[in-house]
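Subject: The structure you asked about

Hi there,

Here is the structure I promised to pass on. Have a look first, and my notes on what was found follow below.

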Amino acid sequence: GTVKRKTFIIRAFYWIRDLRSGALFQALRQHCRGSVLDVGGWDFYLTALKKGLPFHTWTVLEVSHAGPAATPDRRIRFVVGDGCRMGFRDGSFDTVLSIQVLEHSFEPLLMIGEMCRVLKDQGLLILLVPQTSTIHMAPHHYYNFTRFFLEEAMRQNHMRIIELTPLGGAWSSMASPPWFGVARIAFAGRPWESIRTGREARHADLEGDEQHCVRPVDRRRKE
């Protein structure tokens with residue numbers, strides 16, 4: 001099967017979102033590799049294919065079967081599971097992604113710990129999280145995050161931050177409420193926008209806020 005095509009206005013919103021997240025895609029092009037786990041990624045694999053991101057296998061972890069349809073690309077597989085209690089063995093993946101998902105987990109530290117656990121030695125973790133996001137996907141929007149949260153979370157999991165890049169800024173944060181209001185109208189009634197659990201919500205949240213793109217995190221333990 002194939003994923004249902006989005007309307008023109010929704011594709012436009014995604015294009016703007018991707019334009020704002022240029023640092024994320026730069027990080028993905030540079031550091032995404034090998035076996036990839038996309039936590040709550042939904043159909044982000046389509047963007048990965050379109051942009052020619054390097055990978056051998058791409059595993060999408062979703063909380064239910066109500067996800068995107070199967071793809072003929074044999075490198076891509078879909079697994080139903082809990083991002084806070086993954087069924088994967090330690091050291092299973094070269095790259096783990098969490099793209100605008102962590103704010104929808106009621107236990108973000110537990111999810112981060114799981115993502116670090118399933119990374120191979122020298123594996124890379126790439127995160128995109130909001131700092132000043134407008135509430136969205138209520139009631140399953142639990143947190144916004146500062147760089148200090150990310151730094152401490154990585155320290156607790158014996159990870160070394162290679163790069164942390166703030167996206168947006170004051171003007172972006174002020175633009176968030178009206179922008180999200182328009183986005184909410186555009187998405188109204190879309191079946192794939194229905195509320196699911198807070199642990200693995202879709203990554204595609206149209207936010208106009210300052211965000212932190214944490215580029216690959218080296219899993220090597222600190223000396």
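The chain has six helices and nine strands, where helices (H or I, at least four residues) and strands (E, at least two) are DSSP runs, numbered from the N terminus. Please keep in mind that this is a predicted model, in which local features need pLDDT of at least 70 and side-chain atom pairs count only at pLDDT 80 or more, while totals for chains, interfaces and linings use all residues. Residues are numbered from 1 along each chain as its sequence is written, and side-chain values use heavy atoms, with hydrogens and water left out.

Of the 223 residues of the chain, 52% count as buried; that means under 20% relative accessible area, with exposed being over 50% and partly exposed in between (1.4 Å probe, protein chains only). Taking contacts (heavy atoms within 4.5 Å) between residues at least 6 apart in sequence, 76% join residues at least 24 apart.

**The cores**

A nonpolar core here is a set of buried Ala, Val, Leu, Ile, Met, Phe, Trp, Tyr and Cys residues joined through side-chain atoms within 4.5 Å. The largest one has 25 residues, and those that touch the most other members are L37, V39, M86, V96, M115 and L125. Two or more residues of this core come from each of β1, β4, α4, β5 (119-130) and α5 (147-156). Another core lies apart from it, with 19 residues, including L24, V60, I76 and I99.

Which residues does L37 contact, leaving aside its neighbours within four places in sequence? They are T59, L61, M86, F88, F93, T95, V96, L97 and V118.

S35 is in strand β1 and is buried, at 12% relative accessible area. Beyond its neighbours within four places in sequence, S35 is in contact with T57, S92, F93, D94, T95 and K120.

**Helix α5**

The buried residues of α5 are L150, A153 and M154. They cover an arc of only 95 degrees around the axis, so they are on the same side of α5; the arc is that of the directions from the helix axis to the C-beta atoms. As background, an α-helix has 3.6 residues a turn, so residues three or four places apart point the same way. Just after α5, H158 takes a positive phi of about 60 degrees.

**Aromatic rings**

Rings of Phe, Tyr and Trp (its six-membered ring) pair if their centres lie within 6.5 Å; planes under 30 degrees apart count as stacked, over 60 as edge-to-face and the rest as tilted. By this rule there are six aromatic pairs. One of them is F88 with F93, an edge-to-face pair with 5.0 Å centre to centre and 85 degrees between the planes. F88 is buried at 14% relative accessibility, and F93 is buried at 3%. The rings of F145 and F149 are tilted, because their planes are at 40 degrees, with centres 4.7 Å apart. Here F145 is buried, with a relative accessible area of 2%, whereas F149 is partly exposed at 23%.

F25, F44, F55 and W58 form one aromatic cluster. The charged end of K51 sits over the ring of F25, 4.7 Å from its centre; the rule for this is that NZ of Lys or CZ of Arg is within 6 Å of the ring centre and within 35 degrees of the ring normal.

**Cysteines**

How many disulfides are there? The count is zero, taking a disulfide as a pair of cysteine sulfur atoms within 2.5 Å. C84 is buried, with a relative accessible area of 1%, and C116 is buried at 4%.

**Loops**

W42 has a phi near 55 degrees, a positive value in a residue other than glycine. W42 is in the loop between β1 (35-39) and α3 (44-50), and is buried at 8% relative accessible area. Q100 also has a positive phi, near 55 degrees. Q100 belongs to the loop between β4 (93-99) and α4 (108-117) and is buried, with a relative accessible area of 2%.

S64 is in the loop between β2 (57-62) and β3 (76-80) and counts as partly exposed, at 25% relative accessibility. S64 and G81 are 17 residues apart in sequence, and their C-alpha atoms are 7.2 Å apart in space.

Best wishes
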